[in-house]
Amino acid sequence: MEGSVNLQLSAKNVGVFEAFCNTAKPIQIINSTIEMVKPGKLPSGKTEIPFEFPLQMKGNKVLYETYHGVFVNIQYMLRCDMRRSLLAKDLTKTCEFIVHSLSQKGKLLPSPVDFTITPETLQNVKERASLPKFLIRGHLNSTNCVITQPLTGELVVESAEAAVKSIELQLVRVETCGCAEGYARDATEIQNIQIADGDICRGLPIPIHMVFPRLFTCPTLETTNFKVEFEVNIVVLLHDDHLITENFPLKLCRM
């Protein structure tokens with residue numbers, strides 16, 4: 001049984017600080033081996049061999065939750081090796097198993113967020129005067145999220161001079177890897193859900209509902225060598241190809 005955290009740099013950061021490449025060996029969380037059957041012959045027919053492993057960490061390591069990312073991967077594997085006689089090839093089979101972190105104690109305090117999007121509230125806009133006028137209001141019920149429950153809220157297009165093409169919810173993971181020499185922070189999309197298509201009615205409440213996908217999300221994690229954080233973007237595409245994006249950091253936990 002093996003459990004490890006694999007870190008890697010994105011292509012844009014390799015060479016920026018070579019020291020990280022030398023220290024970015026897999027972080028081993030757990031490693032155990034047991035002999036299930038002593039040398040000898042297995043009888044013909046079906047043989048079932050029970051086994052169990054205590055989930056005991058190495059030293060002061062923490063048993064992180066299973067997570068499949070782009071630059072951070074937390075994985076737990078079982079490997080079974082069957083040694084055979086000289087002329088027969090040894091057999092090996094591996095299987096991943098999933099680890100959930102323990103539920104956090106105490107109650108999760110909801111953190112509702114109300115938002116208003118207009119040309120004036122947008123950041124990183126070069127030609128604000130050329131933007132068509134629009135007013136979009138809405139709310140997220142909480143940015144502190146239980147990973148087993150959906151992200152919910154509501155959005156209303158109050159007014160828009162240009163026709164609306166599409167409204168989407170984009171879930172993003174932000175992975176940070178590094179050491180004392182430097183840190184690399186990369187944001188990548190996990191999933192994109194369209195919640196409105198076409199020039200929708202003004203003043204119509206549109207429900208926001210997003211389920212967090214297992215394996216590609218985990219409780220928000222911060223350690224010495226790496227961080228895994230999550231954000232959601234509300235993306236509104238207008239017919240003249242103006243793209244409006246509003247970003248909300250999320251905190252995921254398991255309760």
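## Aromatic pairs and the nonpolar core

Phe 51 is partly exposed, at 45% relative accessibility. Buried means under 20% relative accessible area, exposed over 50%, and partly exposed in between, with a 1.4 Å probe and protein chains only. This is a predicted model: local features need pLDDT of at least 70, side-chain atom pairs count only at pLDDT 80 or more, and totals for chains, interfaces and linings use all residues. Residues are numbered from 1 along each chain as its sequence is written, and side-chain values use heavy atoms, leaving out hydrogens and water.

The structure holds 5 aromatic pairs. Rings of Phe, Tyr and Trp (its six-membered ring) pair if their centres lie within 6.5 Å; planes under 30 degrees apart are stacked, over 60 edge-to-face, the rest tilted. Two of the pairs are edge-to-face:

| Pair | Centre to centre | Between the planes |
|---|---|---|
| Phe 51 and Phe 53 | 6.2 Å | 70 degrees |
| Tyr 64 and Phe 226 | 5.6 Å | 80 degrees |

Tyr 64 lies in the loop between β2 (27-31) and β3 (67-68), and Phe 226 in strand β14, 162 residues apart. Strands (E, at least two residues) are DSSP runs, numbered from the N terminus. Tyr 64 is buried at 15% relative accessible area. Phe 226 is buried at 2%.

The largest nonpolar core has 53 residues; Phe 226 and Ile 74 are among those with the most contacts inside it. Strand β14 (residues 226-238) gives the largest share, 7 residues. Such a core is a set of buried Ala, Val, Leu, Ile, Met, Phe, Trp, Tyr and Cys residues joined through side-chain atoms within 4.5 Å.

Key. Helices (H or I, at least four residues) and strands (E, at least two) are DSSP runs, numbered from the N terminus.
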